[in-house]
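Have the coordinates open and follow along.

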Amino acid sequence: MLRESMKERLSVRFLKPPALIDPNPCTPALSSAVEVSHWPNKGRGLIATRDIKPGEVLCLERAYAVGLGKGQLTTNCSTCTRECVNPLPCPGCTQVVFCSKSCRVRGLSEDHWLECKILTSVLAHHLESRACAYKLLKTFNCSQMISICNKLKDDQPSLPEQVGFDSTGKYSRPHFSQFTIFIKIMAAFKLYPTKSLVNHSCCPVMSHSSFGRETFVYAIRPIVSGEELTISYGDYFNTEVKSVRSEKLQRNYRFVCRCQACEENWPTTKCLPAIVLRCEYCNKPHSSVDVQCDDCLPRTRSRNAVAKKAPKRKQNSQVAPALRVLHRVEGKIRTGKPISKEEFRRLCEASEVAFKHSAMPSKSLVGFMGSVEVCADAGLMYTG
């Protein structure tokens, strides 16, 4: 009885990544609602092929190579990168740990043996990120690498967005330029060939979470067909001013962001309006409490006078219930109370209504996006 009791206390139940309900036949790591596109000014990226709901999983991928940071080598598993409750040390270098015997066997046979003998020197020279690149390069021998590079050079498709796709149209041979250190979080450096196709925005339409080596990307607001799919490589517009965001992106990624938040210099949360309604006639955002903008209001007043109808005032009647749903969920998040799947479903539906009848930037819409992220990290995802 004591043995079973201890086993129950020491067992750790990790959340599992959600399933990709309808994979893309050409790019299995992506949803069928996503396809690769190309822009002359910024290269390749992803776009939506249909309308997408908040919380919908759009990419699910296992890291091609992983390297832990120096501070996490003795706390996180070297194979799956999860936090270790009862760590098992490597019998060779004693610099890394594993969360279980199965992870230790897999790690020693798959990729840790590549760095085991040199890891002490790597850490002494602060080259943790280079260890991840080293694992990637060691998966090919010299002749294989030359062969692949020659194929990529000779087999240039007519369209830039088709680079890496084979003759059957399947994304099976990713271009070496896509193997970037895409995720640099506190626990690990991770390489994701398909996920690296996603471009940056300071006001993204998607976010991402990791479960060990697996990562998934999901929508945090309603996305219309044809819209570009973006995530943030750094800070969101509402958490840092433009100058700080631009400096970090230039230093870490060597590009200048041209997203709407940067071009229009959107303010941070403290200076955002509570909500920006859209005119029910022309759909343009406006600051009035009426459902019509200043341009449409005089025309509707004259029509109402002729028809002897009372003009509509105050907020759009459909937005107010959506905001109440948001405030209930935010209250539970602040107090640490669990959120049910039904509550998450209602949050996603309310988000669609709010984004339809109001415009960015506003505290309410930022609140919807943040609440969807919190729910997704807790394992609640949209399933239709």
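What follows looks at a few salt bridges and then at a sheet with a helix packed on it. Keep in mind that this is a predicted model.

Start with the charges. The structure has 12 salt bridges altogether, and a handful are worth a visit. In helix H7, which spans residues 242–253, Glu247 and Arg251 sit four residues apart, or about one turn of the helix. Their side chains form a salt bridge, with 2.5 Å between the closest N and O atoms. How accessible are the two partners? Glu247 is partly exposed at 43% relative accessible area, and Arg251 is partly exposed too, also with a value of 43%.

Next, go to Lys332 and Glu343, whose side chains meet in a salt bridge with an N to O distance of 2.6 Å. This pair links distant parts of the chain: Lys332 belongs to helix H10 (residues 319–335), Glu343 belongs to helix H11 (residues 341–357), and 11 residues separate them. Is Glu343 buried or exposed? With a relative accessibility of 18%, Glu343 counts as buried, because the cut-off for that label is under 20%. Lys332, on the other hand, comes out at 26% and is partly exposed.

Stay in helix H11 for another pair. Glu342 and Arg345 are three residues apart there, about one turn of the helix, and their side chains meet in a salt bridge at 2.3 Å, N to O. Glu342 has a relative accessibility of 37%, which puts it in the partly exposed class, and Arg345, at 35%, is partly exposed as well.

Three strands make an open sheet, ordered S3-S11-S10, with antiparallel pairing. Strands S3 (57–62) and S10 (206–211) stand at the edges; each has a single partner strand, so one side of each is left without a neighbour in the sheet. From one strand to the next, the twist averages 15 degrees.

Zoom in on S3 and strand S11 (residues 214–219), which pair in the antiparallel sense over five bridges. If you'd like a landmark, find Leu60: its bridge partner in S11 is Phe216. Finally, bring helix H12 (residues 363–377) into view. H12 packs on the sheet, touching S10 and S11, and its direction makes about 150 degrees with that of S11.

Methods
Residues are numbered from 1 along each chain as its sequence is written. This is a predicted model: local features need pLDDT of at least 70, side-chain atom pairs count only at pLDDT 80 or more; totals for chains, interfaces and linings use all residues. Side-chain values use heavy atoms; hydrogens and water are left out. A salt bridge is a side-chain nitrogen of Lys or Arg within 4 Å of a carboxyl oxygen of Asp or Glu. Helices (H or I, at least four residues) and strands (E, at least two) are DSSP runs, numbered from the N terminus. Buried means under 20% relative accessible area, exposed over 50%, partly exposed in between (1.4 Å probe, protein chains only). Two strands pair if DSSP finds at least two bridges between them. Axes are lines fitted to C-alpha atoms, for helices over the stretch in contact, and angles run from 0 to 180 degrees between N-to-C directions. Contact means heavy atoms within 4.5 Å.
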